[in-house]
Amino acid sequence: MDSAGYLVNHMARLFADGLRRRIAPLGIVPGQFPALLELWEHDGQTQKELVEKLDVEQATLANTLARMERDGLIVRKEHPADARARTIHLTDKARAIRDRAYAAAQETNRAALAALSPEERQQFIELMQRTIETMRRGG
């Protein structure tokens with residue numbers, strides 16, 4: 001198979017499966033991981049900010065955040081300057097798993113890219129980044 005779209009989709013499913021196995025003991029799933037990564041870096045963002053940064057649909061993120069709130073990973077608070085908005089904050093539970101979650105993601109990446117040399121890994125990452133940027137611009 002030499003279809004880029006098919007291969008990227010297949011690879012993404014395999015990465016997600018590897019990550020799922022490694023983070024399940026932490027009580028999280030791959031769909032929550034991007035939001036957690038963003039909140040671990042900048043806690044207290046609005047849902048709109050997260051939608052823009054994560055490049056996901058509003059409804060998809062809303063469902064993810066609802067599950068995260070149900071699971072005790074986030075709390076929502078009133079926005080200090082906008083009564084219509086709410087900010088999203090990590091709980092102690094979510095902060096406590098940060099290092100183990102990062103380690104699980106790094107192990108997933110290491111295992112997946114083990115057959116590549118360091119130079120090939122760097123090139124692979126750069127090519128994916130360029131492709132993503134091209135597609136974001138409508139390519």
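## Contacts between helix 1 and helix 6

In this predicted model, Phe-15, Gly-18, Leu-19, Arg-22 and Ile-23 of helix 1 meet Ala-104, Ala-105, Glu-107, Thr-108, Asn-109, Ala-111 and Ala-112 of helix 6; a contact means heavy atoms within 4.5 Å. Helices (H or I, at least four residues) and strands (E, at least two) are DSSP runs, numbered from the N terminus.

The axes of the two helices come within 9 Å and cross at roughly 140°. Axes are lines fitted to C-alpha atoms, for helices over the stretch in contact, and angles run from 0 to 180 degrees between N-to-C directions. Helix 1 and helix 6 are therefore oblique to each other; angles under 35 degrees count as roughly parallel, over 145 as roughly antiparallel, 65 to 115 as roughly perpendicular and the rest as oblique. The crossing of helix 1 past helix 6 is right-handed, a crossing being left-handed if the near helix is turned anticlockwise from the far one by less than a right angle, and right-handed if clockwise.

## Helix 1

Helix 1 comprises 20 residues (4-23), which at 1.5 Å a residue should span 28 Å, and its end C-alpha atoms are 28 Å apart, in agreement. The expected span is 1.5 Å times one less than the number of residues.

Gly-18, Leu-19 and Ile-23 are the buried residues of helix 1. They cover an arc of only 120° around the axis, which puts them on the same side of helix 1; the arc is that of the directions from the helix axis to the C-beta atoms. Buried means under 20% relative accessible area, exposed over 50%, and partly exposed in between (1.4 Å probe, protein chains only). Leu-14 and Arg-21 are exposed on the other side of helix 1. The cover over the buried residues includes helix 2 (33-41) and helix 6 (98-112).

## Helix 6

The 15 residues of helix 6 reach 21 Å from the first C-alpha to the last, close to the expected 21 Å. Ala-101, Ala-104, Ala-105 and Thr-108 are buried in helix 6. They cover an arc of only 95° around the axis, which puts them on the same side of helix 6.

Asp-99 and Gln-106 are exposed on the face of helix 6 turned away from its buried side. Helix 1 and helix 2 are included in what covers the buried residues of helix 6.

## Helix 3, helix 4 and their surroundings

Helix 3 and helix 4 pack at an angle of about 115°, with axes 10 Å apart, and their crossing is right-handed. Gln-47, Leu-50, Val-51 and Leu-54 of helix 3 meet Gln-58, Leu-61, Ala-62 and Leu-65 of helix 4. Asp-55 lies in the loop between helix 3 (47-54) and helix 4 (58-70). Most residues other than glycine have a negative phi. The phi of Asp-55, however, is near 60°, a positive value, and Asp-55 is exposed, with a relative accessible area of 52%.

Thr-46 belongs to strand 1 (residues 45-46) and is buried, with a relative accessible area of 11%. Not counting residues up to four places away in sequence, Thr-46 touches His-79, Ala-85, Arg-86, Thr-87 and Ile-88.

## The protein overall

The protein has seven helices and three strands, in the order α-α-β-α-α-β-β-α-α-α along the sequence. Its C-alpha trace spans about 50 × 35 × 25 Å along the principal axes. Of its 139 residues, 28% count as buried.

## Basis of the values

Residues are numbered from 1 along each chain as its sequence is written, and side-chain values use heavy atoms, with hydrogens and water left out. Local features need pLDDT of at least 70, side-chain atom pairs count only at pLDDT 80 or more, and totals for chains, interfaces and linings use all residues.
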